[in-house]
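Colleague: I would like to go through this model step by step. Please show it first, and then I will ask about its parts.

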Amino acid sequence: MTILAMYKDDWHTSTDIAKSLNTNPVLVRKEIANLKKGNLIESKEGKHGGIRLLKNANKIYLSDIFLLAKGDEHVLSLSNNTPAPTCRVGKQINKNLKVVLKNIDNSIIESLKDQTLESFKNQF
């Protein structure tokens, strides 16, 4: 999103963005889909296609981006292992951890809600 904000008039491919992030373009395309669903970016197919911001960067808050990237999941997750139902801790751990995880998510959202993509971009 920072690249899109910095070069707002240009169309950017997932490959170009992936090179900047040193990651696989497939992972970038997954996030592009989330950002597109959230109406933060637009896309254009074809030889001169790509993506760019749909909204002005000073109208996009980092909390908006965070919420779209995180989806329905918590930033941190519960263990894939099933805790022992007979254990005093194990039988309640996930219920109690879900509260902690929700509080972590809310703290992150709170810290990002006043910072725009524009103000973040201006740090570069």
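Modeller: This is a predicted model. We can begin with a loop residue: asparagine 39 lies in the loop between α3 and β1 (41-44).

Colleague: Near what value is phi of asparagine 39?

Modeller: Asparagine 39 sits in the loop between α3 and β1. It is a residue other than glycine, and its phi is positive, near 60°.

Colleague: Asparagine 22 also has a positive phi. Is asparagine 22 buried or exposed?

Modeller: The place of asparagine 22 is the loop between α2 (14-21) and α3 (25-37). Its phi is near 55°. A residue counts as exposed when its relative accessible area is over 50%. Asparagine 22 has 72%, so it is exposed.

Colleague: How do the axes of helix α4 and helix α5 cross, and at roughly what angle?

Modeller: Two packed helices are described by the angle between their axes and the distance between the axes. Here α4 covers residues 62-70 and α5 covers residues 90-112. The crossing is right-handed. The axes come within 7 Å, and the angle is roughly 150°.

Colleague: Which residues make that contact, and how do they divide into nonpolar, polar and charged?

Modeller: From α4 come Leu62, Ser63, Phe66, Leu67 and Lys70. From α5 come Asp105, Ile108, Ile109 and Leu112. They divide into six nonpolar, one polar and two charged.

Colleague: What span does α5 reach from its first C-alpha to its last?

Modeller: Helix α5 has 23 residues. At 1.5 Å a residue, the expected span is 33 Å. The value in the model is close to that, at 34 Å.

Colleague: Which residues of α5 are buried?

Modeller: Buried means under 20% relative accessible area. The buried residues of α5 pack against α4. They are Gly90, Leu101 and Asp105.

Colleague: Why does leucine 76 count as partly exposed?

Modeller: Leucine 76 is found in the loop between α4 and α5. Partly exposed covers the range between the buried cut-off of 20% and the exposed cut-off of 50%. Leucine 76 falls in that range because its relative accessible area is 46%.

Colleague: How far apart in space are leucine 76 and isoleucine 104, C-alpha to C-alpha?

Modeller: Leucine 76 touches Leu101 and Ile104, not counting residues up to four places away in sequence. Leucine 76 and isoleucine 104 are 28 residues apart in sequence. In space, C-alpha to C-alpha, they are 8.4 Å apart.

Colleague: Is lysine 121 buried or exposed, and which residues does it contact?

Modeller: Lysine 121 lies in helix α6 (residues 117-121). Its relative accessible area is 15%, so lysine 121 is buried. Leaving aside neighbours within four places in sequence, its contacts are Thr2, Ala5 and Met6.

Colleague: How far apart in space are lysine 121 and lysine 91?

Modeller: In sequence, lysine 121 and lysine 91 are 30 residues apart. In space, C-alpha to C-alpha, the value is 45 Å.

Key
Residues are numbered from 1 along each chain as its sequence is written. This is a predicted model: local features need pLDDT of at least 70, side-chain atom pairs count only at pLDDT 80 or more; totals for chains, interfaces and linings use all residues. Side-chain values use heavy atoms; hydrogens and water are left out. Axes are lines fitted to C-alpha atoms, for helices over the stretch in contact, and angles run from 0 to 180 degrees between N-to-C directions. Helices (H or I, at least four residues) and strands (E, at least two) are DSSP runs, numbered from the N terminus. A crossing is left-handed if the near helix is turned anticlockwise from the far one by less than a right angle, and right-handed if clockwise. Contact means heavy atoms within 4.5 Å. Ala, Val, Leu, Ile, Met, Phe, Trp, Tyr, Cys and Pro count as nonpolar, Asp, Glu, Lys and Arg as charged, and the others, Gly among them, as polar. The expected span of a helix is 1.5 Å times one less than its number of residues. Buried means under 20% relative accessible area, exposed over 50%, partly exposed in between (1.4 Å probe, protein chains only).
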